[in-house]
Amino acid sequence: MTVGERIKNLRERLGISQVDFADRINVSKQTLYKYENNIITNIPSDKIEAVAKIGKVSPAYLMGWEEVKPDIAIVSPDNKILCIVEYMSPPKKERALRLMQYYSMLNEIGQKKALDNLEDLAKIYTEKKPVKYDFTPPEHSMVAEASTSYLAAAHNDHLDEEGELDKVKSDLAKLKKLNGK
């Protein structure tokens with residue numbers, strides 16, 4: 001990997017645009033483009049140092065003199081690296097680090113429950129094309145007349161209030177009608 005490729009890779013990992021990154025290291029967007037695409041290969045040392053500081057890597061890594069070691073690697077039970085947090089986009093990295101932080105705070109029972117819950121979530125939310133759900137309930141009742149998906153509570157803590165039982169019965173009748181029963 002060239003110095004320019006390392007700079008570009010670092011900038012993209014940080015999620016910073018070329019314009020913003022160029023401003024931060026005090027060069028034009030065109031000059032940064034030339035660095036990243038190896039048109040300019042004799043990059044001034046102060047620019048290498050500025051890039052390294054922003055990316056929290058050593059200038060030696062940018063120059064290719066040393067390899068960077070990832071901060072955290074997530075490893076599967078069969079010792080395959082699943083994910084290196086260092087190379088994630090900033091939002092994903094933040095979420096992964098939060099997950100690991102909270103997981104490490106749990107006792108053994110809590111860790112098992114957390115893993116069980118994550119396994120259940122993974123079964124639900126691993127679709128290739130995410131389904132867009134409309135969680136806005138219709139204005140007239142809890143049950144939609146149309147076949148639009150939305151979230152409705154499966155309990156009612158106010159059955160003792162006047163008219164609530166009738167509303168629940170009405171909603172159940174509409175649900176049965178939607179399912180063809």
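## A guided tour of salt bridges and a nonpolar patch

Select Glu-36 and Arg-11 to begin: a salt bridge joins their side chains, with 2.6 Å from N to O. This pair connects distant parts of the chain, since Glu-36 belongs to helix α3 (residues 29–36) and Arg-11 to helix α1, 25 residues apart. Both Glu-36 and Arg-11 are buried. The model on display is a predicted one, and a search of the whole structure finds three salt bridges. Side chains of opposite charge can pair when their charged atoms come close.

Remain in helix α1 (residues 3–14) and select Arg-6, which is found there. Is Arg-6 buried or exposed? Arg-6 has a relative accessible area of 7%, so it counts as buried, the cut-off being under 20%. Now display the surroundings of Arg-6. Leaving aside residues up to four places away in sequence, Arg-6 touches Met-1, Tyr-61, Leu-62, Met-63, Gly-64 and Glu-67.

Next, select Lys-47 and Asp-46. Their side chains meet in a salt bridge of 3.6 Å, N to O. The two partners may be compared by their accessibility. Lys-47 is buried, with a relative accessible area of 14%, whereas Asp-46 counts as partly exposed at 45% relative accessibility.

A salt bridge of 3.0 Å, N to O, is formed by the side chains of Asp-116 and Lys-112. Both residues lie in helix α7, four residues apart, which is about one turn of the helix. Asp-116 is partly exposed, with a relative accessible area of 31%; Lys-112 is exposed, with a relative accessible area of 54%.

Which residues make the nonpolar surface patch? Select Leu-99, Tyr-103, Leu-106, Leu-115, Leu-118, Leu-121, Ile-124 and Tyr-125: together they form a patch of about 770 Å². The largest share, four residues, comes from α7.

Finally, select Leu-115, one of the residues of the patch. Leu-115 has its place in helix α7. With 40% relative accessibility, Leu-115 counts as partly exposed, because that category lies between the 20% and 50% cut-offs.

Note on methods:
Residues numbered from 1 in each chain as written. Predicted model: local features only at pLDDT ≥ 70, side-chain atom pairs only at ≥ 80, totals over all residues. Heavy atoms only, no water. Patch = residues over 30% accessible without salt bridge, like charges linked within 9 Å, V, L, I, M, F, W, Y side chains within 5 Å. Areas by Shrake-Rupley, 256 points an atom, 1.4 Å probe, with all protein chains shown as cover. Salt bridge = Lys/Arg side-chain N within 4 Å of Asp/Glu carboxyl O. Helix = DSSP H or I, 4+ residues; strand = E, 2+ residues; numbered from the N terminus. Buried < 20%, exposed > 50% of the residue type's maximum accessible area, 1.4 Å probe, protein only. Contact = heavy atoms within 4.5 Å.
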